[in-house]
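Dear colleague,

Please look through the notes with the coordinates open beside you.

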Amino acid sequence: MLTMPTPTILIMTKLVKNTLDAILLLLGVSVVVFSLLYLTPGNALLIQVGVGSDRVLTESYQALFSLNTSPFIQYFEWLQGLLRGDFGVSYVYHAPVFTIVLHALGVTAVIASVAMVIAVSVSLPLGLYLGSNGSQVLRTPLTTAVTLGVAVPQFLWGILLLYLFGNVFSAFVPGLYVPLSSILPMAAAGSGSHNTIPALAYLFAPALALALPAIAILSRYTYNSVRELNAQPFMLALHCRGIGGWQLLRRHTLRNLLVGYTTFSGILLIDLLAGSVLVEYIFNIPGLGNTLVTGIHQRDTLLVQGAVLYVAFLVVVINKITDGLYYILNPKLRRS
Amino acid sequence: MTATETATAQQLTPKHRRILPKHTTLALTAVTLTMLPLIVGACTKTNNMATTKNYNTHTLNIRIPQDMDTLDPHKASSAGTKEVMFNVFRGLLTPTPNGSLVDGIASSYSVNNNRTQYTFHLRPNALFHNGNPVESKDVVYSYRRLMGDMDPSIRYKSLDIVTGVEAVNPSTVRFTLSESNNSILTEFTRAIIPENSGDTVGVNPVGAGPYRLQNYSPTQFVALEAFPQFYLGEAPIKNVTFRIIPHMTTTILAANSQSSNSLDIIPDLPYNNFKMLNMSNFNNIAANLNLVQILAYNHTYAPLANKDVRIAISQAINKTRIIELLTNNEGTPLESHMTPLMGQYYNSSIATPYPYNETEALLSLKRSPYKNGFNLTITVPSNYQLHVDTAVLIAENLNTIGINTTIKTVEWGVWLNDVYKSANYEATVVGFAGKLDPYQTLRRYSSTYSNNFFHYKNTTFDQLINTALHSNESQSEKAYRDAQGILAEDLAAYFIMDPAVHTAVRKGIAGWTTYPISVIDVYALHTTNTNTNTTNTTTNTNTNTTK
Amino acid sequence: MNHNQGTAPFMPLNLALGIIFAGTPLAMGLVSLLYTPFEPNLIIPDAVSAPITATHPLGGDYLGRDTLSRLMTGARITMTMAIMAIATATITAFALSTTAVAARNTTTPSHTAQLTHKTITFITNTLMGIPSLLLALAVVSILGGGIANTTIAITIMLVPGLTRIMQATLIQVYAEDYIKVAKTWGVSNINIALKHALPNATPNIIVAIPIYMSTAILVEAGLSYLGLGVAPPTPSWGIMLNQAIPYINQQPMAAIAPATTIITTILGLNLISDGLNQKLRGKK
């Protein structure tokens, strides 16, 4: 008869399993992406040379783009590079993929985080208010206003906010991205403090454009869930027992709400982190979305592989976190 | 729920009265939203006039639509890169706005009798940005690099006829050619870089041009500063930043911004985008692009191989309508593969061989084996809206005479692969950017050209451009003109137009010149003392003379 | 605090308005099968950026085509793509998620069940990790453009998100006791899925569908923005909007019409979702 494994071993096994799953997923994604890029007509050399150049396509020129190597070897070599920590050099930017993606990810991550903070801090209270109590008068205009966030196509929001912050408020020049780092004083050039407003505005405006649809989706979900919850008999029972207001909210409403809310937020966060292509294009931000699009249009295989790997990794992490949250929040799901 | 429970619940539910009918709010919101694009459009025009900028303390902001593909002048392929880096590098000769070549780093040159030897004398005061003088060894190094001696991935076909380049003395360079060739002069405009700088020039581009690179932020901007020791004197504008803004609407908003850091020059705008600018701040410079836009035929596609079919197509297409609708009537109609900007090489006397006439088109089709029409797919790159719109108009015309035309939009990379490289298409609409050299412009139709994706073959044409390449000046010019005549008569493609564009130059800046090739000449720019209110419309008339 | 809403009204105002807002374009699209004032692709020389007149109630676009006719035809094309995409995606997502959740929730999961669950989660997560642009580009480049293939691209993009949402719902459903009871009675997995899980998940699914339909419409607009949508001159709302914005000075209505239609349709779909939610919850 087997004795029960100790908790440590259980946790270790789980950890190893999860890591293996994660690695398998990352491999799967990279294989699919590589194949898709390979099967899509066109290659980086062709696109660089274009129509007007009379540069000769010598063997060594072609070799720079791994054009004479079979796709299997290319993929295998890429894997080998990964193990060494080498993500390769981008065909388009002539710089290490690792550096480019890290930088782009940094830019996108900051904007995505701000967007998420805006979305959650607006949608959660709003949804709770509308679902629990909500004056009839306010409910309709509020729900409509909120729904507009998702009804208006994202690139329209982008253009509107760019115009609002750039031309109406003159907080920045549209299209001239001001990174947060420019707020830091430069040694020789003097203080960078005059960059504070443009940099912050250039962070807030695109984040808002990204947050508006998220607010719409999350508010609606919260509102519906709360109404559904409040309709349940146990809520009435609690109310009769005299539990109301904050306590009810904290102990019961939120607990039941948060499972689904977290799922939605997780998915939205993943979308945001992958970089919103349209918003980044309109605001001219060097984020992950723009980088990925450039990479795909120019068939920069190494850049796309690197960027997708990062995003896939984040997807795995976020999924694991949301899964974990299910277990914490919904006891019914816990199994020994 | 039981009846009592329902009753209790109803009593617990407070009653509210609606103040506003629900649909009013929704309707109002919907209406407001529809007004928003209108407001955006209108408001971008009503900004106040920006105050005069002081370009001694402010940088001149010029918008470009694409990022640099590389900073290395020997590797750059994209027009966008070349037009910017033109300011950082100089060659032995320099192009001018009318397409001719003048002295650059070379102060003079001589040619031997059978034109197989070119000897250049370098200016004594030509310096690189690192302070070193430009010497013949640098020229030798640069050209050997261009011919593949240093980096095997770099090689240019047009330099294949150069058999030797030698430094006669530190200020004299001699090129020896295997044959005399009229195209070789444009090869002497290529960038000269310091000896042994090949490995670093992509990161730290050192040249001998009027500006040196101050800062490059990929996808964002290229900042240049004037090089004080430039051999023709320091540039009037000290700091210029090329802002990379791909999105057109963002560009318009940036131009209309009231900030002191807004855009100063926006080159090459199509008419409808140009109209969105606040014109009280800008002068308008109209020009043609020296771009040949064509409906290209794949001559191996059976219906298109038939000349009567091609005649029918020419007669079916309403070229005037295309130019009117898509360029506000400012484009120049073309009859062959060259534009008037090419000066004396341009054949201006080609009468339209088969003018627009729907009845005639139907008759021509009836004469062909395809009396009841045929299927035609026009493959267009989706990123060039002008070509897509042109294809739509052409398709409409062709459908009227019974050619069942569908449009297939593909991504640029797919177009390059399927159409340009593999010639896997029937027809396409594409534009070819201008070159200084007429041979490079026309050789696309030569049967020996590797990128002849039209599969067009005409031996007379081949002979003519070959003659043009090797004969003397006046014979050469005539041969090029005759070659254009053949393309027109033979309907090698359907030649559409040279589109027109507008450059917006902020008031207070003068000196903008349009070149027939991709060049943004910052050296020629300078500030004016007063704000002039007159709009400066100069159309570009060129006489293309080479020495 | 509202503990319930009393008896559910037959037609909540939300639902009614939503049906009007979203139904009008649908009706326009259906009408366009039989009649449009002009051929949508017909280029009328006098109608270039034409003002609003009786002949052209919404004006003309930059090539001289009647905006109203294009809007009607565009409604048909966009709605068709959205409906087809959502239908296919929902069925696929439901099949995938029930299989996955059922496999995971068996008390003694067999190896095949575990493997099934793992594979499906793997596929869903993989699809989610692939940038949608690459997916769309690959699909369109390999299969070619056009309405059918764009719909396929949209479907593929919707499936992962839908599956994940359905999984979240189904996990709760499958955790309920009656499912466990059904299994001990030996009811087959398919029957459990169709007869027990589906009815209980249906309210959530029905509420989610209009939302995802609006996503499909927005995705289509985004795809045509990137040049990967329907080929011209076929109108779709996305293409109409994108092509009209550069000419907004000459005739703003060519952009306002598709923009307003997109916005009101999506508003309508969301209202329908709200209304259905109200109605279906009231029945419990």
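A residue is called buried here when its relative accessible area is under 20%. Please keep in mind as you read on that this is a predicted model.

B:Val139 falls under that definition, because its relative accessible area is 0%. This valine belongs to helix 4 of chain B, which covers residues 136-146, and, once neighbours within four places in sequence are set aside, B:Val139 is in contact with B:Leu92, B:Leu122, B:Val173, B:Phe175 and B:Ile192. B:Pro194 stands 55 residues from B:Val139 in sequence, while the C-alpha atoms of B:Val139 and B:Pro194 are 8.0 Å apart in space.

Turning to the chains themselves, chain B has 547 residues, of which 58% are buried, and its secondary structure consists of 16 helices and 21 strands. Of the contacts in chain B between residues at least 6 apart in sequence, 72% link residues at least 24 apart. Chain B has an accessible surface of about 21,600 Å², with 50% of that surface on carbon and sulfur atoms.

Chain A contains 13 helices and zero strands. Buried residues account for 55% of its 336 residues, and 73% of the contacts in chain A with a separation of 6 or more are between residues 24 or more positions apart.

Next come the contacts of chain A with its partners, beginning with chain B. The contact involves 49 residues from chain A and 60 residues from chain B, and the two chains bury about 4,500 Å² between them, with 63% of that area on carbon and sulfur atoms. On the chain A side, the residues that lose the most area to chain B are A:Val51, A:Asp54 and A:Arg55, which together make up 15% of what that side buries. Two salt bridges are counted between chain A and chain B; one of them joins the side chains of A:Arg299 and B:Glu411, at 2.7 Å from N to O. There are also 18 residue pairs in polar contact across this interface, with both residues at pLDDT 80 or more. Several helices of chain A supply at least two residues each to the side that touches chain B, including helix 2 (44-49), helix 7 (154-168) and helix 12 (288-297), but helix 6 of chain A gives the most, with six residues. Sorted by class, the side of chain A that touches chain B holds 28 nonpolar, 18 polar and three charged residues.

The contact with chain C brings together 56 residues of chain A and 47 residues of chain C, and about 4,900 Å² is buried between these two chains, 68% of it on carbon and sulfur atoms. A:Phe155, A:Arg220 and A:Arg227 supply 12% of the area that chain A buries against chain C, more than any other three residues. One salt bridge is counted between chain A and chain C, and in it the side chains of A:Arg220 and C:Asp274 meet at 2.9 Å, N to O. Two residue pairs, both at pLDDT 80 or more, are in polar contact between chain A and chain C. Helix 1 of chain A (residues 7-39) gives the most to the side that touches chain C, with 11 residues, and that side divides into 35 nonpolar, 12 polar and nine charged residues.

With best wishes

Methods. Residues are numbered from 1 along each chain as its sequence is written. Chains are lettered from A and ligands numbered from 1 in the order in which they are written. This is a predicted model: local features need pLDDT of at least 70, side-chain atom pairs count only at pLDDT 80 or more; totals for chains, interfaces and linings use all residues. Side-chain values use heavy atoms; hydrogens and water are left out. Contact means heavy atoms within 4.5 Å. Buried area is the accessible area (1.4 Å probe) that two parts lose on being put together, summed over both. A salt bridge is a side-chain nitrogen of Lys or Arg within 4 Å of a carboxyl oxygen of Asp or Glu. A polar contact is a pair of N or O atoms within 3.5 Å; within protein, one must be able to donate a hydrogen and the other to accept it, and residues adjacent in sequence count only if both atoms are side-chain atoms. Helices (H or I, at least four residues) and strands (E, at least two) are DSSP runs, numbered from the N terminus. Ala, Val, Leu, Ile, Met, Phe, Trp, Tyr, Cys and Pro count as nonpolar, Asp, Glu, Lys and Arg as charged, and the others, Gly among them, as polar. Buried means under 20% relative accessible area, exposed over 50%, partly exposed in between (1.4 Å probe, protein chains only). Accessible areas come from the Shrake-Rupley method with a 1.4 Å probe; for residues, only the protein chains shown count as cover.
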